[in-house]
Amino acid sequence: PEAAGGGGAPKAAYAKPKGRPDLTAHSEGAREAAEGFNDQAVKAFKAKDWQRCYDLSSEAIRLNPRKTAYLGNRAAAALKIKSRKMLKQAAEDSVAEICRDSPRDDA
């Protein structure tokens, strides 16, 4: 498809950001990698690139599920996308995190 307004270059297909499948939440370096994904997510949100923000926030959450800011960032992106499935996932993950007994990483 052509860009809005016609006559423009074809719009590139969305490519999901590359994650870090080599890391888990328990890996050394996972928190630092999560911060990097979160920084990119914030930039994507500011650029109104909601899907990229959601995906980057999801990777940050996978690497550091205790960081509540990442949950909030993903929920905000889901609200902008207006996807029931994404909103449901964001809500379920947030509630699950709140209900855990161990301390959260709110810093």
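**View 1. Asp22 is an exposed residue with a charged partner.** Let us start with a single side chain in this predicted model. Asp22 has a relative accessibility of 53%, and because the cut-off for exposed is over 50%, Asp22 counts as exposed. Its side chain meets the side chain of Arg20 in a salt bridge, with 2.6 Å from N to O. Arg20 has 32% relative accessibility and so counts as partly exposed. Why can two such side chains pair up? Side chains of opposite charge can pair when their charged atoms come close.

**View 2. Lys67 and Glu35 join a loop to a helix.** Here the side chains of Lys67 and Glu35 form a salt bridge, at 3.4 Å from N to O. Lys67 sits in the loop between helix 2 (50-63) and helix 3, while Glu35 belongs to helix 1, so this pair ties together parts that lie 32 residues apart in sequence. Is Lys67 buried or exposed? With a relative accessibility of 12%, Lys67 counts as buried. Glu35, on the other hand, is partly exposed, with a relative accessible area of 31%.

**View 3. Arg74 and Asp93 link helix 3 to helix 4.** In this close-up, the side chains of Arg74 and Asp93 meet in a salt bridge, with 2.2 Å from N to O. The pair links distant parts of the chain: Arg74 is in helix 3, Asp93 is in helix 4, and 19 residues separate the two. Arg74 is buried, at a relative accessible area of 5%.

**View 4. Arg74 has several neighbours from elsewhere in the sequence.** Let us stay with Arg74, which lies in helix 3 (residues 68-81). Which residues does Arg74 touch, leaving aside its neighbours within four places in sequence? They are Tyr54, Ser57, Ser58, Ile61, Gln89, Ala90 and Asp93. Look for Ser58 in that list: Arg74 and Ser58 are 16 residues apart in sequence, yet their C-alpha atoms are 6.7 Å apart in space.

**View 5. Four helices make up the pattern of the chain.** Now step back to see the whole chain. Its secondary structure comes to four helices and zero strands, and reading along the sequence gives the pattern α-α-α-α. Buried residues make up 30% of the 107 residues. Among contacts with a separation of 6 or more, 55% are between residues 24 or more positions apart. The accessible surface of the chain is about 7100 Å², and 56% of that surface belongs to carbon and sulfur atoms.

View 6. The mean pLDDT of the chain is 87, and 83% of the residues reach 70 or more. Which element has the highest mean pLDDT, and which the lowest? Among the elements, helix 1 (residues 30-46) has the highest, at 98, whereas helix 4 (residues 84-99) has the lowest, at 88. Over residues 1-5 the pLDDT is below 50, and this stretch has eight contacts in the model beyond near neighbours in sequence.

How values were computed:
Residues numbered from 1 in each chain as written. Predicted model: local features only at pLDDT ≥ 70, side-chain atom pairs only at ≥ 80, totals over all residues. Heavy atoms only, no water. pLDDT = per-residue confidence, 0-100. Contact = heavy atoms within 4.5 Å. Salt bridge = Lys/Arg side-chain N within 4 Å of Asp/Glu carboxyl O. Buried < 20%, exposed > 50% of the residue type's maximum accessible area, 1.4 Å probe, protein only. Areas by Shrake-Rupley, 256 points an atom, 1.4 Å probe, with all protein chains shown as cover.
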